[in-house]
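Please keep the viewer open while you go through the points.

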Amino acid sequence: MIRNLLTAGFLIILSLVIVQPLSAIPVSGPVVITSAGTYQLQHDITGDSVNTIIEIRSSGVLFDGMGHTINGVNGTTQFTNNIFVGNFPRVLRNVNIRNVTLTNRSHGIFFNNVTDSRATGCIVDRSGEDGIRVVGGNRIVLTKNTVKRSALRAVTVSKSFNTTISSSIIANNR
């Protein structure tokens, strides 16, 4: 009887430890992400004083915009990014960006030397160059995104393999 109670108690404690998800890390302004984990944007942000507003340099990252907007203010400035994913020469893996609106930067999302990653449910509006740019990628999935009013190109894929674009809206780009 005591042994059964101890076993049941141990299993309950073990299941609580295993089932409970790790807390998301809040993001409330420009940031460089250097560790794996889940990151959630807490509110709309503006990044007029930095070249890259959200820079992801680690594999195993989920960045959830939670429906908020990252506004870059000046989309005509070259080499500026709302979200940049890369840590060259390392190849980053399993980086997922979702549910965020990105405006007024030369690039909305820039994947550089990244594999097995995705952008889902993002809106990229008024990019000065590319709405979404993939360079040196492999198995990148872009799905359910909207890219509109980019000054040069909506989506650019260069030196990459197996990039998939599906269920997306690409409109009013030059």
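**Strand pairing and overall picture**

Val27 stands opposite Leu41 in β3. This is a predicted model, in which local features need pLDDT of at least 70 and side-chain atom pairs count only at pLDDT 80 or more, while totals for chains, interfaces and linings use all residues. Residues are numbered from 1 along each chain as its sequence is written, and side-chain values use heavy atoms, with hydrogens and water left out.

The protein chain comes to one helix and 20 strands; helices (H or I, at least four residues) and strands (E, at least two) are DSSP runs, numbered from the N terminus.

**Parallel pairs**

- The Val27 contact point belongs to a pairing of strand β1 (residues 25–27) with strand β3 (residues 37–41), parallel and over three bridges; two strands pair if DSSP finds at least two bridges between them.
- On β3, a parallel pairing with strand β6 (residues 61–64) runs over four bridges, and there Gln40 stands opposite Asp64.

**Chain totals**

- Of the 174 residues in the protein chain, 41% are buried; buried means under 20% relative accessible area, exposed over 50% and partly exposed in between, with a 1.4 Å probe and protein chains only.
- Among contacts (heavy atoms within 4.5 Å) between residues at least 6 apart in sequence, 49% join residues at least 24 apart.

**The aromatic pair**

- One aromatic pair turns up in a search of the whole structure; rings of Phe, Tyr and Trp (its six-membered ring) pair if their centres lie within 6.5 Å, with planes under 30 degrees apart counted as stacked, over 60 as edge-to-face and the rest as tilted.
- The pair is edge-to-face because the rings of Phe84 and Phe110 have their planes at 70°, with centres 5.3 Å apart.
- Distant parts of the chain are linked by this pair: Phe84 sits in strand β8 (residues 81–85) and Phe110 in strand β12 (residues 107–112), 26 residues apart.
- Phe84 is buried at a relative accessible area of 14%, and Phe110 counts as buried at 12%.

- Asn113 lies in the loop between β12 and β13 (114–120), and Asn113 is buried, with a relative accessible area of 14%.
- From Asn113 to Gly86 the C-alpha to C-alpha distance is 6.0 Å, although the two are 27 residues apart in sequence.
- Beyond its neighbours within four places in sequence, Asn113 is in contact with Phe88, Pro89, Arg90, Val91, Leu92, Val135 and Gly136.

**A nonpolar surface patch**

- Val157, Ile165 and Ile170 form a nonpolar patch on the surface, with about 240 Å² of accessible area together.
- Such patches are made of residues with over 30% relative accessible area and no salt bridge, where like charges are joined within 9 Å and nonpolar side chains (Val, Leu, Ile, Met, Phe, Trp, Tyr) within 5 Å; a salt bridge is a side-chain nitrogen of Lys or Arg within 4 Å of a carboxyl oxygen of Asp or Glu.
- Val157 lies in strand β18 (residues 153–158) and is partly exposed, at 40% relative accessible area.

Key
Accessible areas come from the Shrake-Rupley method with a 1.4 Å probe; for residues, only the protein chains shown count as cover.
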